[in-house]
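Let's work through a protein model together, one feature at a time. Keep the picture in view while we talk.

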Amino acid sequence: MDSSGSGAGLREFVGSEHDDNRYHHVLRMSTIPMTDSIAARNRLYFDSRGWFAYFYPVSAERARVFVGVPRELERPVFDEHGIDLKGRLSTFVTQSDDAIALLDEDRFTPAPVAVFTSKPYHRDNVILLGSVVFSPHPMTGQGMSYTLEDATVLAQILARAYDGRGNLEPLLQQQYQVRRSVHNDLVEYGDALARSYHDRAAYLSAFHTSRHGGDG
């Protein structure tokens, strides 16, 4: 089993292929000390001019910040410092001032946006799992949750095969490969969000509260 990401070494053996979606925005990521606003809840902000910012905890002490900007502004913001990042974020980030105060343009690293669903997911007894088989846009916030569901399915399949209650190949075809339709649905949902966030009405039309478990 290989779950080492999009560059998984066994991907070539399985023959798993995909085409990435391409967007007009790019992502940069930074890790900062935890703040009160991030500890209170995950926050995702949008701007009608193509910017967005996502703040969420990764541990009790640390938090992660993703900033999305139009592709043509990546260098002016993060490399040339011709645009004031904190000042620009302050125009639409309304409840995370404590986090903005800790940001440093030089501490952001590129976070490539890879959005796809691969095919196939396995070959013989070699199985791919996680971001090597599917990758939704980060706006969904659901990639890891779906991968944990996949791992549960695989654990059940392997247990049945080990106990002699079925052959591995048909079990994978019947119970794991069919997960691709679930992944496709999530990828398409994230694509709809990523292509509409600059327009409030279009984004709200694409957004489904039930997928996020938040306030809506």
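Q: What covers the buried residues of α7?
A: Start with two ideas: helices (H or I, at least four residues) and strands (E, at least two) are DSSP runs, numbered from the N terminus, and buried means under 20% relative accessible area, exposed over 50%, partly exposed in between (1.4 Å probe, protein chains only). Here the cover of α7's buried residues includes β7 (122–123), β8 (126–127), α6 and α8.

Q: Which residues of helix α7 are buried?
A: In helix α7 (residues 168–176), they are Leu171, Leu172 and Tyr176. Looking down the axis of α7, you'd find these buried residues within an arc of 100 degrees, so they line one face of the helix. The arc is that of the directions from the helix axis to the C-beta atoms.

Q: Before I go on, what kind of model is this, and how are residues numbered?
A: It's a predicted model: local features need pLDDT of at least 70, side-chain atom pairs count only at pLDDT 80 or more, and totals for chains, interfaces and linings use all residues. Residues are numbered from 1 along each chain as its sequence is written, and side-chain values use heavy atoms, with hydrogens and water left out.

Q: At what angle do α6 and α8 pack?
A: Axes are lines fitted to C-alpha atoms, for helices over the stretch in contact, and angles run from 0 to 180 degrees between N-to-C directions. Helix α6 (residues 143–162) and helix α8 (residues 179–194) pack at about 175 degrees, their axes 11 Å apart. That makes α6 roughly antiparallel to α8; angles under 35 degrees count as roughly parallel, over 145 as roughly antiparallel, 65 to 115 as roughly perpendicular and the rest as oblique.

Q: Which residues make the contact?
A: Contact means heavy atoms within 4.5 Å. From α6 come Gly143, Tyr146, Glu149, Asp150 and Val153, and from α8 come Arg179, Val182, His183 and Leu186.

Q: Is His183 buried or exposed?
A: With 0% relative accessibility, His183 counts as buried. His183 touches Thr117, Tyr121, Phe134, Tyr146 and Asp150, leaving out residues up to four places away in sequence.

Q: How many bridges join β2 to strand β3?
A: Strands of a sheet pair through backbone hydrogen bonds, either parallel or antiparallel. Two strands pair if DSSP finds at least two bridges between them. Four bridges join β2 to β3 (residues 52–57), and the two run antiparallel. Tyr45 stands opposite Ala53 in β3. Their hairpin has five residues between the strands, and there Gly50 takes a positive phi near 95 degrees.

Q: What is the order of the strands in the open sheet?
A: Its five strands follow the order β2-β3-β4-β1-β5, with antiparallel pairing. The edge strands, β2 and β5 (109–110), each pair on one side only.

Q: Where is Ser131 found?
A: Look in the loop between β8 and β9 (134–135). Ser131 is partly exposed, with a relative accessible area of 36%.

Q: How many helices and strands does the protein chain have?
A: Nine helices and nine strands. Of its 216 residues, 43% are buried.
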